[in-house]
Amino acid sequence: MTSALGKDLLALEPLSSGQIRLILDTAEPFKEISERAIKKVPALRGQTIVNLFFEASTRTRISFEFAEKRLSADTVNVAASGSSVSKGETLVDTARNLEAMRIDMVVIRHSASGAAQFLAERIESNVINAGDGTHEHPTQGLLDLLTLRDHFGTLAGKRVCICGDVLHSRVARSNIWGLKKMGVEVAVCGPRSLLPNAISEFGVTVFNRIEEAIEWADALNILRLQLERMTAGYIPSLREYNRVFGVTRERMDRAQRDILILHPGPMNRGVEIDSDVADGDNSVILEQVTNGVAIRMAVLYLLAGGRPELAEAAKHGGER
Amino acid sequence: MPTDNTTVLDARAMDRTLRRMADDIIELYDGTDRMVIVGIQRRGVQLAARIARIIEESEGVAVPRGALDITLYRDDLQTVGPRPVVGPTDLPWNLEQRHVVLVDDVLYTGRTVRAALDELADFGRPARIALAVLVDRGGRELPIHADVVGKTLDVSPTGRVDVMVKEVDGRDAVILVAQETAQ
């Protein structure tokens, strides 16, 4: 059985704009469930979901867990910290063991790019990528799209600049694919050392100065400077980074118009973003977190379903 | 496949039927005290709005209205798959001790109503829940009955009842499709 999205959600790159719109539209009614006194619907009752996090995560793991619980699924968290076994072998073993326990879905985060696909090809359960190396983080890309759509009404023709550490960022990749498919004009801005060499192949505008990006954009998606991956001297110092590329109140004020501020978290306050921008009126950072639960509920719900031709027939109403 | 369409109710007959249903609802609850009218997505929502308006005209009181989408409470997700788009649920009222009127277009197997009752229970404990449907076509698979019925039809399992409302379909009508068309 495959759903309207296929078996897995591994990346936004292979999705059509129609599929992305379906996820965003499905997420809308899920927002309301989280506002109820009893925040739970029985849609995924009896489904077992394993959250397999090989890499540290607070926000994403909790967000997935809330989404699963609010759909009444049974969840198990596996926090597999670093293993001495090589990653390939670990994953194959893990996959076999999971299958043996008769699970329905796996949410996986892994430090190796392609880990989610590797797993998806080896198990029958639905696999959701919760971030794999520097490849993609599709649900983050989707929740950013939903947040932008909430504020702009329509996505096509808007201008979004992704700022900062694009090189190490799976969030950036998912955003670029998702935004472009939805007709958004995309730019990136950051130090040359933190932009991929082949950035031009993504079909995005490149700004070398943050002032230019602010001048151009309707929204800034400010990435976290991934300090833990900064081992090769990409930037001279954090202070210099803030001075040249930091999104500060002063720089924002110069634009003299409202520019939406997004950040996937966790923030390095005073490095890529200043506190009074992060907490300012145009910041939608906490809305992103709220939307994250709705997006993940939508993805789980859509992947859990049965055959698309029956879903098509059901479009004409349940009871007639 | 050949089809045979019969108009069961035209716009005027539908309006008359809804007026009669509104009267029956007021009688059932002996007034409009503590009443909340809740439509089931989709066409039930428009029908609920019409009935609420008729009650407001005749009784001179505003009746609170809500909408319920039961998609996530269905028992057939695994076999039928997700509905393309889940509609909004809008129940801003505290349902404790309320007299709820659940409104749907067609009552058939009763599974939609079962799901709606489950969902309502997650919002509170009404004093009573009554069911009002525009068409009861028979064919129940669960022990569920309607308190207020606009039109009773005996339709075979291959037949289909299409309820159309101006707000969604551009016109008001109830059509009986004798044989299911290939979809």
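**A guided reading of the two chains**

Tutor: Let us start with a sheet in chain B, where 3 strands form an open, antiparallel sheet in the order 1-8-7. Its edge strands are strand 1 (5–9) and strand 7 (160–164) of chain B, each of which pairs on one side only. From one strand to the next, the twist averages 25°. Please keep in mind that the model is predicted.

Student: How many bridges join strand 1 of chain B to strand 8 of chain B?

Tutor: The general idea comes first: strands of a sheet pair through backbone hydrogen bonds, in either a parallel or an antiparallel manner. In this case, 4 bridges join strand 1 of chain B to strand 8 (residues 173–177) of chain B, and the two run antiparallel. To locate the pairing in the view, find B:Thr6, which stands opposite B:Leu176 in strand 8 of chain B.

Student: Which order do the strands of the open sheet in chain A follow, and is the pairing parallel or antiparallel?

Tutor: There, 4 strands form an open sheet in the order 2-1-3-4, and the pairing is parallel. Strand 2 (74–78) and strand 4 (126–132) of chain A are the edge strands, each pairing on one side only. The twist from one strand to the next averages 15°.

Student: Where may I see individual partners in the chain A sheet?

Tutor: Begin with strand 1 (residues 48–53) of chain A, which is joined to strand 2 of chain A by 5 bridges, the two running parallel. A:Val50 stands opposite A:Val76 in strand 2 of chain A. Then turn to strand 3 (residues 105–110) of chain A, which pairs with strand 4 of chain A in the parallel sense over 5 bridges. Here A:Val107 has A:Ile128, in strand 4 of chain A, as its bridge partner.

Student: Through which helix does the chain cross from strand 3 to strand 4 of chain A?

Tutor: The path leads through helix 4 (residues 115–120) of chain A, and this β-α-β crossover is right-handed.

Student: Is strand 4 of chain A mostly covered or uncovered?

Tutor: Strand 4 of chain A is mostly covered, for 7 of its 7 residues are buried.

Student: Which radius of gyration does chain B have, and what would a compact globule have?

Tutor: The idea is to compare a chain with a compact globule of 183 residues, whose radius of gyration would be near 16 Å; chain B has 16 Å, so the two agree. Along the principal axes, the C-alpha atoms of chain B fill a box of roughly 50 × 40 × 30 Å. Buried residues make up 44% of the 183 residues in chain B. Among the contacts in chain B with a separation of 6 or more, 68% come from residues 24 or more positions apart.

Student: Where are cis peptide bonds found?

Tutor: One joins A:Gly265 and A:Pro266, with omega about -10°. A:Pro266 lies in the loop between strand 9 (260–262) and helix 10 (275–278) of chain A. Another cis peptide bond joins B:Gln41 and B:Arg42, where omega is about -5°. B:Arg42 has its place in the loop between strand 2 (35–40) and helix 2 (43–59) of chain B.

Student: What is the phi of A:Ser72, and what is that of B:Gln97?

Tutor: A:Ser72 is not a glycine, yet it has a positive phi of about 70°. This residue is in the loop between helix 2 (59–70) and strand 2 of chain A. B:Gln97, likewise a residue other than glycine, has a positive phi near 65°. B:Gln97 is found in the loop between helix 3 (77–80) and strand 4 (99–107) of chain B.

Student: What pLDDT does chain A average?

Tutor: Chain A averages a pLDDT of 89, and 90% of the residues score at least 70. Over residues 306–320 of chain A, however, the pLDDT is below 50; this stretch has 34 contacts in the model beyond near neighbours in sequence.

Terms used
Residues numbered from 1 in each chain as written. Chains lettered and ligands numbered in written order. Predicted model: local features only at pLDDT ≥ 70, side-chain atom pairs only at ≥ 80, totals over all residues. Pairing = 2+ DSSP bridges. Axes fitted to C-alpha atoms, helices over the stretch in contact; angles between N-to-C directions. pLDDT = per-residue confidence, 0-100. Contact = placed C-beta atoms within 7 Å. Buried ≥ 20, exposed ≤ 12 C-beta atoms within 10 Å, placed from the backbone. Right-handed = clockwise from strand over helix to strand, strands pointing away. Rg over C-alpha atoms; globule rule 2.2 N^0.38 Å.
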